[in-house]
Amino acid sequence: MMPQNECCYRLNHLDRSWDIDVYMANGGYEIWKKVLAGELDPQEIIEEVKTSGIRGRGGAGFPTGLKWSFMNRLAPGDKYILCNSDEGEPGTFKDRDIMRYNPHQLVEGMMIAGYVIGATAGYNYIRGEFWEPYKRFDNAINQAREAGLLGKNILGSGFDFDLYTHLGAGAYICGEETALVESIEGKKGQPRFKPPFPASYGLYGKPTTINNTETLASIPMILAKGGKWFADLGVENAGGTKCYAVSGHVEKPGNFEVRMGTPFKDLLDAAGGIWKGRELKCVIPGGASTAILPAEKAMAMNMDYDSIAKAGSFLGAGSVIIMDDQTDIVKVIENLSHFYWDESCGQCTPCREGTGWLYRVVKRIREGKGRPEDIESLKNVSGKIMGNVICGLGDAATIAMTSALEHYEHEFRHYIEHGCSIYDRQ
Amino acid sequence: MSSTAKNTKIITGDVKSRIDRWISNYPADQRQSAVMPALRIVQEVSGGYLTTELMDEIADYLEMPPIAVYEVATFYGNYEHQPVGEFKFCVCNSISCMLRGKDDIIAYLEKRLGVKVGEVTPDGKFSIKKVECLGACGGAPMMQLGKDYHENLTEEYLDKLITELE
């Protein structure tokens, strides 16, 4: 049995794991109390986080310790720590279970991060549809406040810090950190041009750090057990555990927190294997924004940044979408293209127009009305979006498309030539 | 202002205090930050959709230009601008739900309720909406109804649910 649930999901099996009593009975808020007592200084914490090797769990994989070091905690004025719980990348549902079952560990992680960067307040941006996770997180904040762990002059330390929630309202783009900032400011969630980066000009124009839910929820454990402990759980260049959300054609879809570097096939086994006794056709390993990998490549890879990159894709948010050997790739791409077209914020012309082109052309192919030149059009439009937009959404829209054409162009051609899927042949 | 017009104000009493609680989460000079919760709360108590008058009242209350409220209200997918059913079935339309049969679920709902996606039943009770990934792919196919998620949907499950709501 591979080890599971060693960090973010460590309490999920307990009764009422979201209550402060359960959290505190399991070492909760011990690190926060140490921090407040002056036993752990910000520089020490940053070094420990760097040692842990943790990289941003939201998808970009940026080293967390390095990100925190960009903030000047002694600079005067307000500063903010933001948590990105706008979980909306198709295939991603890992942060939901952190907020539902272990919200206090996220609260403590946000407190510690807030202290390190010298923040006066923190906001957790939770997607608006996540009502249950929001209530659990909000309850955790209230319990922490009642316990005197949040607010003014916390436990007599002279440190003031408070946490709040901001609820989204149905816009995938707000998972992009500067769009998230705009959204908290009460505007359309359209990404900002960078630089300036949030560390110098973030929420309300103040220095701001934005981390993913899983990243922040890992911090208390990293500090409790040591950066080296965390690093050693994983592999080189990928420290620690990772919450993988496994969905699609498996017998037991769900979240699995396993060690970085776990073989893909072991993760697939944990999810009960391919459903209905079928075979694996392909995998999207990191969420809709990452390249599709055929079975033979996936079965040979391990679940860490470098191994997945070597296989030709990206770890992303760890959202593993499994497809069986009867999956129509053209239909998959039509669905993904629709998503990006629907969710494009409309700011950059190549993305706003290009995602619509991609969707309409794939839809036409899937409806049996494709033209021979359509495959070239898809490649051409993808090439014109990639790299010509402010944020990653437009690029992401082309990645699944490009990888699908790389591995399964014959399926598109079959639709164009015969007006139906390869699986429709008698 | 006539007393009738005054009575039609929505940001009053409980609605006002709910919005005020959100306003207090942000710095005092950043009332605009509460526009998203304000739109959600106002929509919730106004039959599930927003009108220009309601958005104007929010603009007034948060000291924002009305256009800034319209921009937000039309950007985010959860705000409605047309009547919806008392029970709005928001069915996930994204990849993991597609792989596990969301097309059949939508087709069944359309047949069972006698309306297409985007339509409302004549009694105003039900409507169906396709939404993008709701972040619960482990329970695919799934949907949102009010504040709750319903996962691992089957025709039998929907039958039971609809019968309870009818």
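This is a predicted model: local features need pLDDT of at least 70, side-chain atom pairs count only at pLDDT 80 or more; totals for chains, interfaces and linings use all residues.
## The contact between chains A and B

Chain B brings 38 residues to the contact, and chain A brings 56. The area buried between the two chains is about 3,700 Å². Carbon and sulfur atoms give 57% of that area.

Polar links also cross the boundary. There are 23 residue pairs in polar contact between chain B and chain A, counting pairs with both residues at pLDDT 80 or more. Four helices of chain B, namely α3 (35-44), α5 (66-75), α6 (95-99) and α7 (102-113), each supply at least two residues of the side that touches chain A. Of these, α6(B) gives the largest share, four residues. Sorted by class, that side of chain B holds 18 nonpolar, 12 polar and eight charged residues.

Two salt bridges join chain B and chain A. One of them pairs the side chains of A:K331 and B:D103, at 3.1 Å from N to O.

## Nonpolar cores

The largest nonpolar core has 150 residues. Which of its members touch the most others? They are A:W32, A:M111, A:I333, A:F412, B:L39 and B:Y76. Helix α17 of chain A (residues 392-418) gives the most to this core, 11 residues.

B:L39 shows what such a position looks like. Beyond its neighbours within four places in sequence, B:L39 is in contact with B:L50, B:M55, B:I58, B:V69, B:V72, B:A73 and B:Y79. A second core stands separate and has 27 residues, among them A:L268, A:V283, A:M301 and A:A311.

## An enclosed helix in chain A

Helix α5 of chain A spans residues 94-101. Seven of its eight residues are buried, so the rest of the structure largely encloses this helix. The buried residues are A:K94, A:D95, A:R96, A:D97, A:I98, A:M99 and A:R100.

Two of these residues also take part in a charged network. A:K94 and A:D95 are linked with A:R57, A:E214 and A:K242 through salt bridges.

## Salt bridges, buried and exposed

Over all chains, the structure has 40 salt bridges. Side chains of opposite charge can pair when their charged atoms come close. A:E185 and A:R192 meet through their side chains at 3.0 Å, N to O. A:E185 is buried, at 8% relative accessible area. A:R192 is buried too, at 16%.

The side chains of B:R31 and B:E63 form a salt bridge at 3.7 Å, N to O. B:R31 sits in the loop between α2 (13-23) and α3 of chain B, and B:E63 in the loop between α4 (52-62) and α5 of chain B, so the pair ties together parts 32 residues apart in sequence. B:R31 is partly exposed, with 22% relative accessible area, while B:E63 is exposed at 64%.

The second case is local. B:E164 bridges to B:K160, with the closest N and O atoms 3.5 Å apart. Both lie in helix α8 of chain B (residues 155-165), four residues apart, which means about one helical turn separates them. B:E164 is exposed at 57% relative accessibility, and B:K160 is exposed with a relative accessible area of 57%.

## Two buried residues in chain A

A:E129 lies in the loop between β2 (121-126) and α7 (131-146) of chain A. Is A:E129 buried or exposed? A:E129 counts as buried, at 6% relative accessibility. The side chain of A:E129 makes a polar contact with the side chain of A:R127, at 2.9 Å. Setting aside neighbours within four places in sequence, A:E129 is in contact with A:G170 and, across in chain B, with B:N78, B:L134, B:Q144 and B:Y149.

A:I385 belongs to helix α16 of chain A (residues 374-385). A:I385 is buried, with a relative accessible area of 1%. The C-alpha atoms of A:I385 and A:C351 are separated by 5.9 Å, although the two residues are 34 apart along the chain. Beyond four places in sequence, the contacts of A:I385 are A:P350, A:C351, A:G354, A:T355, A:L358, A:G394, A:D395 and A:T398.

How values were computed
Residues are numbered from 1 along each chain as its sequence is written. Chains are lettered from A and ligands numbered from 1 in the order in which they are written. Side-chain values use heavy atoms; hydrogens and water are left out. Contact means heavy atoms within 4.5 Å. Buried area is the accessible area (1.4 Å probe) that two parts lose on being put together, summed over both. A salt bridge is a side-chain nitrogen of Lys or Arg within 4 Å of a carboxyl oxygen of Asp or Glu. A polar contact is a pair of N or O atoms within 3.5 Å; within protein, one must be able to donate a hydrogen and the other to accept it, and residues adjacent in sequence count only if both atoms are side-chain atoms. Ala, Val, Leu, Ile, Met, Phe, Trp, Tyr, Cys and Pro count as nonpolar, Asp, Glu, Lys and Arg as charged, and the others, Gly among them, as polar. A nonpolar core is a set of buried Ala, Val, Leu, Ile, Met, Phe, Trp, Tyr and Cys residues joined through side-chain atoms within 4.5 Å. Buried means under 20% relative accessible area, exposed over 50%, partly exposed in between (1.4 Å probe, protein chains only).
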